[in-house]
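Colleague: Could you walk me through how to read a few features of this model? I would like the general idea and then the case at hand.

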Amino acid sequence: MLEPDGEEIQENIISLLALEQIDNGIILIDQNRKIVLWNKWLAKTSSVHARDALNKTLEQVFPKGIKGRLLQTVDYALKQQLSSVLSSSLNRYVLPLYKANPNEDEETIAVAQSIVVKPTVDDSDNCYCLVHINDVTDVIKREALLKQRGADLKRLAQDKVISELRIRSIIENTLDSIITFDSSGKIITLNPSTSKIFNLMVKGGSGLMLQDLICELSQYRDLPIDGVMENLGYTSCNVEKSWPEAKGLRSNGQEFPIEISVTPLEANSELLYTAVIRDISERKKSEEKLTKLAQNDSLTGLANRALFYNQLEHLILRTRRSNIPSTLVLIDLDKFKQINDTMGHDVGDEVLKFVSNTLMNVIRDVDMAARLGGDEFAVILEKSGSPEHVQAVVDRIHQSLSTSITIASYEVNISSSMGAVTFSQTVRDSSHLIKCADVAMYYAKERGRDNVQFYTPQLRQISEVKQNLENSLHDSLRNQEFVLYYQPQFIVKTQQIVGAEALIRWNHPKFGLVPPDSFIPLLEQTGLIKQVGAWVLKEACEQCSKWLASKLVSPKFVMAVNFSGRQIKTVETANLINEVLSETNLSPANLEIELTESTLMEGHRNPDEILQELKNTGVGISIDDFGTGYSSLSYLKKFPIDNLKIDKSFVDDINENRDSAAIVDTIINLAQNLNLTVIAEGVEDKKTLDYLAFQHCDLVQGYLLAKPMCAEDFENFARGYKPEL
Amino acid sequence: MSLPILSDINLDTLTELFNIGIGQAAASLSEMINENVELTVPKVTVMTMEEASRGYTEEDSSKLSAVKQSFEGDFSGKALLIFPENDSLELVRRLLATDVSIEELSELEEDALLEVGNVILNACFYTISDILDCKITGEIPTHTQGSGRQLMTEGGIETDSIVLQLSMDFSIPNHNVHGAISFLMSMNALQKLIGLLDQYVARLSV
């Protein structure tokens, strides 16, 4: 063996230093299997110092045993110069090597090793085995991490594939049209439903533009499509908001309703759009059907109240702009309640249907007929033309409803009361308009039904006065606005005062003295008549009682009080009379109840019963306005009546009209024969009085002798009165 | 090019030698992965490189995976343990109990395949040098992939090399992998091997 020269020694030292410093394990084993090199890394990881390893075999250094495979490869290298690799995957911990743990949960961790065993020969042909140990602990960790990431990525990729498949399947199978197009509107992709919805012949939409499919877009062919769509609201919609509606255009030119939503889509730096388009033809149809159901009367098929109001509102708006007059007509069937009550609701329904059909036939297509409820109908005549023309049209409607028809063997007479109002630019609102028509219709009813009235401001005034009266009536009793006037009654022969008729007056704070004709019907309509009637009775009795007590009048003085139909309907009336008599300390002989014939006959209760109840109280009963109503001779005999009052209309005419005179004669004779007292009212001149005296009429009442007076005036009158005879 | 003829007895001898070698390799592998691994070499043939690479193309048009180890000494050349790619993957999967594709084969997993090839090839080298009493030095193995032709020709192998082809069955429980070992060597090297075989046979018959 040659001695190494200085240069070689230097080189060797450098090599050794390098071996000491590297982060790998280096073992050099000589032919005798003794370790001749054991670098610093190994000393550190094996905790075996070089001085304890050198000149020992591997088995001696690691007496607890090392993997046989390493020893075998060392043998291969030394004996046959074969190189070997020991992969960390198959032989991870060949030598018991450890290093500090970076994670600190354990002090040290085993070093995973990847080993290369290589034969090497020195210059003197001595064979050595070089064992090169790589620390792959971190590599394994990194690979595990990479593998995990790889698996995650793979799963993600799979998920993406699946979700793409899913989206694809949705796009292919949805009933909505899904279109991708570029900023010019050129269609790039479309799904099968698009072809179906738009009736497209070409598949794939080559050369097709979005503008070809949407009516609203067709006029903007040359404008940037995004701005147009934004203006139309296509791009601003989201899931919560309903999509904007538009009109689709089929290839055959047919239009149909659609909903559309557009989403911008940036793909490969090009701006594309996706439109989802829904054919809503079916939905529209069913919506219309529902609307019809909700807006039409189920019995007659006419528009119902809701639709009527809606249309009227629209017409009012149009009229304000156009100033072309239109007309509203309200129609109320006369005595429809009677038809329902006497012939049954089936007949009533048929009548309503007949009226509906008649209305539909008689009006123009542009006009509208509605059933507002019950037997109330309305017709809107749009742009109804001149007043004369309107009158003719309304008359024609009225005529067509004035007829008689046969339903289920009933002969049904139909007529109607109609109120019409023509309006133009100055129209206020629908409710005011309807009120006007209502006033006119109400007036038509007051005018005896079966006629047409047009609304005029005067009608309105009348109605308003009535309305005011009605409103103030409620307060009048409490405010003591009612007063009683008394008109004396005289014996024709002696001209002595024998009684007085109590007459109600309303001293309105604003309108002054309101005549009974104006407010009695209102009292009856509002039901106030009951309280007012009771007040009248009590007031009259009190007055009478006072006068009797003060001997202003004779003990036989009789106070006559009028009773209305509504008052005598209840059994309480007799009780009331008894109560008042006892309260006012008045004898029944001094009280007389005046009833008209119609009051008695139209009551629902048996007149016999009513009169008997009244009679039982001991008061006198007088039939008012005799001769104008039923004048049934039989009831005169049957009923417990004390007096007959000849109606003013006959008395007025006595001197001019022989028939009137004859009637008066007959009534007087009749009464005398039946032993009834006869009173003639409305006596206004001496000649009449003379005639009545000649005919032996018992009592008279009238302006000739005395007008109705307030209590104070009556007292003055009575005190100063001396019969002229 | 006329191929040197290996006598029947030489072929038988070679087959037997390889069977001994890879029998040892099987034992080593079984020990390493704690599963019974059986390796057999049913057939040894000599062919041109052209024939060898064509054989692979016919057999499996897909890629091949190979562990390549150069050897030098009394005769030199390159030894390749070749599997169809799927079979090599199956081997790795079996050995390491993982599930990867060839693209995902990590450095460490490639190492495992390398070691398996190394064990088998070293066993062959060891047996030949031990029994034929010659000297063969094995280099560190490498792993490559490619077509049969690519595997054969890369790394400066002469295209007129002779191929000593060992078909090989590699069986692990429930799975059989079919592979081959190709010893690529020059005509000269092959002649040397034949000489060594003749000597060995002669020694045996003494």
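Modeller: Helices (H or I, at least four residues) and strands (E, at least two) are DSSP runs, numbered from the N terminus. Residues are numbered from 1 along each chain as its sequence is written, while chains are lettered from A and ligands numbered from 1 in the order in which they are written. This is a predicted model: local features need pLDDT of at least 70, side-chain atom pairs count only at pLDDT 80 or more, and totals for chains, interfaces and linings use all residues.

Colleague: Which residue stands opposite A:Glu592 in β24(A)?

Modeller: That is A:Ala560. Four bridges join β23(A), residues 558–562, to β24(A), and the two run parallel. β24(A) also runs parallel to β25(A), residues 620–626, through five bridges. There, A:Glu594 has A:Ser622 as its bridge partner.

Colleague: How many residues of β24(A) are buried?

Modeller: A residue is buried if 20 or more other C-beta atoms lie within 10 Å of its own, exposed if 12 or fewer, and partly exposed in between, with C-beta atoms placed from the backbone. In β24(A), residues 591–596, six of the six are buried, so the strand is largely enclosed by the rest of the structure.

Colleague: And which way do its side chains point?

Modeller: In a regular strand the side chains alternate between the two faces of the sheet. Here A:Leu591, A:Ile593 and A:Leu595 point one way, A:Glu592, A:Glu594 and A:Thr596 point the other way, and all are buried.

Colleague: What about helices: at what angle do α15(A) and α16(A) pack?

Modeller: Two packed helices are described by the angle between their axes and the distance between the axes. Axes are lines fitted to C-alpha atoms, for helices over the stretch in contact, and angles run from 0 to 180 degrees between N-to-C directions. For α15(A) (430–446) and α16(A) (457–476), the angle is about 80 degrees and the axes are 10 Å apart. That makes α15(A) roughly perpendicular to α16(A) (65 to 115 degrees; under 35 is roughly parallel, over 145 roughly antiparallel, the rest oblique).

Colleague: Which residues meet there?

Modeller: Contact needs C-beta atoms, placed from the backbone, within 7 Å. A:Cys436, A:Val439, A:Ala440 and A:Tyr443 of α15(A) meet A:Leu459, A:Arg460 and A:Ser463 of α16(A).

Colleague: Finally, how many helices and strands are in chain B?

Modeller: Chain B has six helices and seven strands, and 45% of its 206 residues are buried.

Key. Two strands pair if DSSP finds at least two bridges between them. Two residues are in contact if their C-beta atoms, placed from the backbone, lie within 7 Å.
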